[in-house]
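Study the model shown below, then work through the exercises in order. Each task is followed by a solution in steps.

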Amino acid sequence: MNVYEIRGAFGLENLVRAERPDPTPGPFQVRVRVKATSLNSRDLMMVEGRYNPRQKLPLVPNSDGAGVVDAVGPGVTRVKPGDRVMTLFAQGWQAGEPTKAITATTLGGPLDGALADTVLLHEDGVVPTPAYLSDEEAATLPCAAVTAWSALVTQGALKAGDTVLVQGTGGVSIFALQIARLFGAHVIVTSSRDDKLERALKLGAHEGINYVTTPDWEKAARTLTGGVGVDHVVEVGGSGTFEKSLKAVRVGGTVSVIGVLSGGAGSVSLVPILMQNLRVQGVFVGHRQSFEALTRAFALNNIHPVVDRVFPFAEARAAFEHMKQGAHFGKIVIKVS
């Protein structure tokens, strides 16, 4: 099997192609021939050593993959050879609350991930691919789409008429836009580029705020809501945007902390959280039940992921460089086979 490994030390220069023996499925295991894998910010951070500097190497990165089951071990009942499937981010998380043990079952670190032409997984760690999606589209769902679904639906209790503010136009944010519109919510998008805001409006967003030309975007969001504030902020910026998110949300509203693009460390006053009865929730992707609910909703409404660009397997490092530049809109995909 062909894989990419972070070998020797962290850094994109140490992401190298390698060969490993083809795995044989054991009891309750399935072997998947990967057709496509997508990138998340977590994957880039993992390669660069910013996500977990203590991660043992070599490591095959990437949490998200889609492909075809080509062999199963004894006892497998969920899938059969020939079935199209997607990877589950936390292999051990089927439902309910996460545990420390569950957080140790995530693909792309600490477990080997999907930047390979073959992966060996437990049968509970694969989810059927909706028939209407291509493998490239399906490969975008396991982390970004499930994270957005968990933030807004599983944990966020989104309802029709709510106002949702999404930061930027990366994978999670665009999925959050699509999910919010699916539920009949009002969507405000922030971005540093007007052309991206125009694309977001065409996808169904109601308003866009350029945070470069309007640095006080939290005030603009409150103005757009008649001074009340938004019901829900999908917070992907981190410490650089968190305080503004607290000011953009209404009394009793929710801020879902998902990303740390502007940094993970910082100080913030707890007074607004207390005095305005705000709900601040961390979102650790999501469990299998959320993933299955997401795929049912997407299939019923024929929702297609937004794919920014597809790279060939031989140019995997270039795909990471493209993500590092931050110019993408939606998801970056690597076609494996």
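**Exercise 1. Asp112 and its partner**

Determine whether Asp112 is buried, partly exposed or exposed, and find the residue with which Asp112 forms a salt bridge.

Step 1. Asp112 has a relative accessible area of 35% and is therefore partly exposed. The classes are these: buried means under 20% relative accessible area, exposed over 50%, and partly exposed in between, with a 1.4 Å probe and protein chains only.

Step 2. The partner is Arg20, and the closest N and O atoms of the pair are 2.8 Å apart. A salt bridge is a side-chain nitrogen of Lys or Arg within 4 Å of a carboxyl oxygen of Asp or Glu.

Step 3. Because Arg20 lies in the loop between strand 2 and strand 3 (29–38), and Asp112 in the loop between helix 2 and strand 6, the bridge ties together parts that are 92 residues apart in sequence. Helices (H or I, at least four residues) and strands (E, at least two) are DSSP runs, numbered from the N terminus.

Step 4. Arg20 is partly exposed, at 23% relative accessibility.

Step 5. Arg20 and Asp112 also belong to a network of salt bridges that includes Glu5 and Arg7.

The model is predicted: local features need pLDDT of at least 70, side-chain atom pairs count only at pLDDT 80 or more, and totals for chains, interfaces and linings use all residues. Residues are numbered from 1 along each chain as its sequence is written, and side-chain values use heavy atoms, with hydrogens and water left out.

**Exercise 2. Two further salt bridges**

State how many salt bridges the structure holds, and describe the pairs Asp231 with Arg250 and Lys219 with Asp216.

Step 1. The structure holds 20 salt bridges.

Step 2. Between Asp231 and Arg250 the N to O distance is 2.5 Å. Asp231 lies in strand 11 (residues 230–235) and Arg250 in strand 12 (residues 249–257), so this pair ties together parts that are 19 residues apart in sequence.

Step 3. Asp231 is buried at 17% relative accessibility, whereas Arg250 is partly exposed at 24%.

Step 4. Between Lys219 and Asp216 the N to O distance is 4.0 Å. Lys219 is exposed, with a relative accessible area of 53%, and Asp216 is partly exposed at 36%.

**Exercise 3. Helix 11**

Which residues of helix 11 are buried, and what do they pack against?

Step 1. In helix 11 (residues 316–325), the buried residues are Ala316, Ala319, Phe320, His322 and Met323.

Step 2. These residues lie on the same side of helix 11, because they cover an arc of only 155° around the axis. The arc is that of the directions from the helix axis to the C-beta atoms.

Step 3. The buried residues pack against strand 1 (2–6), strand 2 (15–19), helix 1, strand 14 (307–312) and strand 15 (331–335). Contact means heavy atoms within 4.5 Å.

Step 4. Just after helix 11, Gly326 takes a positive phi of about 75°.

**Exercise 4. Helix 10**

Compare the span of helix 10 with the expected value, and name what covers its buried residues.

Step 1. Helix 10 (residues 288–300) has 13 residues and reaches 18 Å from its first C-alpha to its last, close to the 18 Å expected at 1.5 Å a residue. The expected span is 1.5 Å times one less than the number of residues.

Step 2. Among the buried residues of helix 10 are Phe291, Leu294 and Phe298.

Step 3. The cover includes strand 5 (84–87), strand 7 (126–128), helix 4 (141–154) and helix 5 (171–182).
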